[in-house]
Amino acid sequence: MKASLLMLVAAFLTSMSSLGASAGGANWPQFRGPGGRGVATNANLPEHWSATENVAWKTEIPGHGWSSPIVWGDRIFLTTAVSSGETEPPKKGLYFGGERRDAPRPEHSWKVLCLDLASGKVRWEHVVHQGQPAGPIHLKNTYASETPVTDGERVYAYIGNVGIFCLDFEGRTVWSIPLEPHKTAHGWGTAGSPVCHRNRLYIVNDNDEQSYLLALDSATGKEVWRTQRDEKSNWSTPFVWENEKRTEIVTAGSGKVRAYDLDGKLLWWFKGMSSITIGTPYAADGALYISSGYVGDRARPIYAIRPGGSGDISLEPGQTNNTTIAWCQPSAGPYNPTTLVYGRELYALYDRGVLSAYNALTGLPIFEKERLPEGLHFTSSPWACNGRVFCLNEDGITFVLRAGEKFELLHTNKLAEDDMCLATPALAGDRLLIRTAVRLYCIRNKP
């Protein structure tokens, strides 16, 4: 009798543990999660961790990739590129001179991996392409830097200068489309991720030869439309903005920010970005937020946009707002990280280890350029939950701050010495997923 009771209790605990892995809004279907916001609401998400503390599991990931993990139900998806030869390892820190135009390019295998959310075990891996890379990349880039996206039925992996690959949740190919390779500025490679909306997949391919916005039928891969773009290389992910007036596809670019309708027709545009654009547009509380902050430029703006724009909405010299642009901070934009709106504040995390906050409604400064101690070189975007803002640097150190109008650093969480972090984490239910150069961590509070 006693043994039977113990077995029943054990079975109950196992089932509850499995339920907890997938319950509570666990889906994180794209780069920066639902709406591209980087914000989660699960009250049980962890605030403290290390390379061993609150680590539910960690799994070594082969090859190289800075794509973020995505999650649907009990499945994690991510991409990687595995080289058949020796490649120069990435180097942490802020520096110029990362171009490697003449570096050897041995044959690579591009893979989509599916991991079990509860255990971290690899359920399957699928080689979507094998071959020599079409062009060089920056030392701190990879050949698998675009984050995949899922609609809950299929997972879509966009690999720049290679192709677009659609798999079902068991790893079987549904469709694939090869892409003609194009040169990118400085030989830096590609990085902008795809987005899904209803039954379409949207890809922005901004390069130095022939840029375009592409809409595909997500079930078949058939091209719905393609719009040519008068743009050079950018590394920003597009955003589908469902606002009070209409639905539009917003694309950030160094030449122009543009918005298109769902048929690919241009709705509005404006000039005034920095010469390199990486940050991803997103919306919060009815406004659209866009930034561009190349460190070598004087113009490093953050914009807040109202719905309903038409035609050229560019600011005149000296202006910081107009009918459509609610406000602009002309020199506040970060370079690599995307900004974060959480509560009433917009946070801007800069590569060089400082943080600023602005009123998200008015753009007025709350605090500016507060230094994160010993917090140099940030590439991944910040995230927020439970009244906290999290900033992860390339050394694997996360700075945890109290959200609000006062700069208040609470503590730091450090991973292992060999953990280099450029990928933006994912938040799935009560689990935090951090991809490093060598492994994927699942961080979870102990029961």
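Mentor: Contact means heavy atoms within 4.5 Å. With that cut-off, 58% of the chain's contacts with a separation of 6 or more join residues 24 or more positions apart.

Trainee: What kind of model is this?

Mentor: It is a predicted model, where local features need pLDDT of at least 70, side-chain atom pairs count only at pLDDT 80 or more, and totals for chains, interfaces and linings use all residues. Residues are numbered from 1 along each chain as its sequence is written, and side-chain values use heavy atoms, with hydrogens and water left out.

Trainee: How do you know what confidence the predictor has in the chain?

Mentor: Look at pLDDT, the predictor's confidence in each residue, from 0 to 100. The chain averages 93, and 94% of the residues score at least 70. Residues 1–24 are another matter: pLDDT stays under 50 there. For that stretch the model has 13 contacts beyond four places in sequence.

Trainee: How many helices and strands does the chain have?

Mentor: One helix and 33 strands. They are DSSP runs, numbered from the N terminus: H or I for helices, at least four residues, and E for strands, at least two.

Trainee: Why is the chain called as compact as a globular protein of that length?

Mentor: For 447 residues the rule gives 22 Å, and the chain has 21 Å. The two values are close, so the chain is as compact as a globular protein of that length. Along its principal axes the C-alpha trace spans about 80 × 50 × 45 Å.

Trainee: What share of the residues counts as buried?

Mentor: Of the 447 residues, 59%. Buried means under 20% relative accessible area, exposed over 50%, and partly exposed in between (1.4 Å probe, protein chains only).

Trainee: Why is R32 called buried?

Mentor: R32 has 1% relative accessibility, so it counts as buried. R32 sits in the loop between α1 (2–22) and β1 (55–60). Its phi is near 65°, a positive value in a residue other than glycine.

Trainee: And N161: buried or exposed?

Mentor: Its relative accessible area is 18%, so N161 is buried. The loop between β7 (154–159) and β8 (163–168) holds N161. N161 also has a positive phi, about 65°, although it is not a glycine.

Trainee: What makes V162 count as buried?

Mentor: Its relative accessibility is 13%, so V162 is buried. V162 lies in the loop between β7 and β8. Beyond four places in sequence, its contacts are W110, H129, I177, P178 and L179. Take H129: it is 33 residues from V162 along the chain, yet their C-alpha atoms are separated by 7.9 Å.

Trainee: How do you know that S67 is buried?

Mentor: S67 has 0% relative accessibility, so it passes the test. S67 lies in the loop between β1 and β2 (70–72). Among its contacts beyond four places in sequence are T79, A144, A423 and R435.

Trainee: Why does L372 count as buried?

Mentor: At 0% relative accessibility, L372 is buried. L372 lies in the loop between β26 (365–371) and β27 (383–385). Leaving aside neighbours within four places, it is in contact with L349, G353, F378, C391, F399, L401 and F407. From L372 to D168 is 204 residues in sequence and 42 Å in space, C-alpha to C-alpha.

Trainee: What about T280: buried or exposed?

Mentor: Its relative accessible area is 7%, so T280 is buried. T280 is found in the loop between β17 (266–270) and β18 (282–284). Not counting residues up to four places away, T280 touches F31, S236, T237, Y289 and T338. T412 is 132 residues away along the chain, and its C-alpha is 26 Å from that of T280.

How values were computed: Rg over C-alpha atoms; globule rule 2.2 N^0.38 Å.
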